[in-house]
Amino acid sequence: MPSNYSSLLTRISNRWAKPLYLFAASNTTILEKNKWIRLVNPSNYTQITQAATYIASKHKDDKIFALYRDQKGENLISTLFADMIDSLQGQKGTCVRMNYKSDSFAVLKPKFSKTKMNVLIIPTSDESFLSSILNKLNDEKAEYQFSLMGMPAWENFNSIDPDLMRKLGASFFTGMYIDPKSPEATQFRKKFILEYHANPTLAAYMGYDVVNCIWEESENTKRDREIRFRSLLNSGKEIILAPVCESCGFESKSINLLKYGEYELVLVK
């Protein structure tokens, strides 16, 4: 149901002591002291922190930059990435935040390393803005190595050259991804078409995941610990829903990290 119903549904769920399954939340606040909430898809906050954890682990000795513009969303996300990476690597300023304006590339370029990977976190959903940065990086890729980290919205960009994204080492994170190579997803799609004579929509995959979650929770004797099930929205792999704190609701922390391959998206993790 629409997100504005969440508060009402949470109260009803607590009153009836029945699980409420959600697929979207900006953070985990709704799970605090609401032990019956099940956040099947990670919150926006969790997705970002998981992506930051991946970067901090993979690029320990590389140059890391977080670009943003004077827009609330980009500013907050870049701050969260930078703070998380700095904390994990144990050094303030490991991830350099940069307010990117029209002349900022000239300031950014001298900071690039010719011997290390230059990791650029670009938390934008603006296709034209991303395109302008890509064109500048394309001119420099002969001298520098790049790795880009983007947002879930990148999956639906239409004017971006996927081959250029591949050459620049672009990837993005998302909570929900139906992997066409997943045996579980393929089997579900075939059965769905046989039954309904139509391709399953995203809602069908979401519903299937919830039914799996309900089944596993009903079979679980230790309901206050965790719920495990195989998720079509997470490439058919097993995900774990666990309480975010004592007497709190459950959340999945599993994200899909996708990179650009030969005109296809490739699942990294």
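Visitor: How many disulfides does the count come to?
Guide: This is a predicted model, and a disulfide here is a pair of cysteine sulfur atoms within 2.5 Å. C245 and C248 meet that rule, with S to S at 1.7 Å. By this rule the count comes to 1 disulfide.

Visitor: Which residue does the disulfide join to C245?
Guide: A disulfide is a covalent bond between the sulfur atoms of two cysteines. C245 is partly exposed, at a relative accessible area of 35%. The disulfide joins C245 to C248.

Visitor: Where is S247, which has a positive phi although it is not a glycine?
Guide: The phi of S247 is about 60 degrees. Strand β9 covers 238–243 and strand β10 covers 250–252. S247 is placed in the loop between β9 and β10.

Visitor: Is H197 buried or exposed?
Guide: H197 lies in the loop between α7 (183–196) and α8 (202–219). H197 is not a glycine, yet has a positive phi of about 55 degrees. Exposed means over 50% relative accessible area. With 69% relative accessibility, H197 counts as exposed.

Visitor: What is the order of the strands in the open sheet?
Guide: The open sheet has 7 strands with mixed pairing. Strands β4 and β12 (265–267) stand at the edges, each with a single partner strand, so one side of each is left without a neighbour in the sheet. The twist averages 25 degrees from one strand to the next. The order is β4-β3-β5-β6-β7-β11-β12.

Visitor: How many residues of strand β3 are buried?
Guide: Strand β3 spans residues 63–68. β3 runs parallel to strand β5 (residues 117–121), joined by 4 bridges, and pairs in the parallel sense with strand β4 (residues 95–99) over 5 bridges. β3 is largely enclosed by the rest of the structure, because the buried residues number 5 of the 6.

Visitor: Which residue in β4 stands opposite Y68?
Guide: Strands of a sheet pair through backbone hydrogen bonds, either parallel or antiparallel. β3 and β4 pair in the parallel sense. Together with helix α3 (residues 72–89), these strands make a right-handed β-α-β unit. The residue opposite Y68 is N99.

Visitor: What is the bridge partner of N118 in β6?
Guide: N118 belongs to β5 and stands opposite K63. β5 also pairs with strand β6 (residues 145–150), in the parallel sense over 5 bridges. In β6, the bridge partner of N118 is F146.

Visitor: What angle does the direction of helix α5 make with that of β6?
Guide: Helix α2 (residues 44–58) packs on the sheet and touches β3, β5, β6, β7 (170–174) and β11 (256–260), with its direction at about 145 degrees to that of β7. Helix α5 (residues 127–140) packs on the sheet too, touching β3, β5 and β6. The direction of α5 makes an angle with that of β6 of about 160 degrees.

Visitor: Which residues touch the most other members of the largest nonpolar core?
Guide: The largest nonpolar core holds 48 residues. Apart from it lies another core of 18 residues, including F23, A185, I227 and F229. Leaving aside neighbours within four places in sequence, W154 has contacts that include I122, L130, M149, M165 and Y260. The residues touching the most other members of the largest core are F81, L120 and W154.

Visitor: How far apart in space are L257 and M149, C-alpha to C-alpha?
Guide: L257 is in strand β11 and is buried, with a relative accessible area of 1%. Beyond its neighbours within four places in sequence, L257 is in contact with residues including Y54, M149, F172 and V266. L257 and M149 are 108 residues apart in sequence. In space, C-alpha to C-alpha, the distance is 9.5 Å.

Note on methods
Residues numbered from 1 in each chain as written. Predicted model: local features only at pLDDT ≥ 70, side-chain atom pairs only at ≥ 80, totals over all residues. Heavy atoms only, no water. Buried < 20%, exposed > 50% of the residue type's maximum accessible area, 1.4 Å probe, protein only. Core = buried A, V, L, I, M, F, W, Y, C linked by side-chain atoms within 4.5 Å. Contact = heavy atoms within 4.5 Å. Helix = DSSP H or I, 4+ residues; strand = E, 2+ residues; numbered from the N terminus. Pairing = 2+ DSSP bridges. Right-handed = clockwise from strand over helix to strand, strands pointing away. Axes fitted to C-alpha atoms, helices over the stretch in contact; angles between N-to-C directions.
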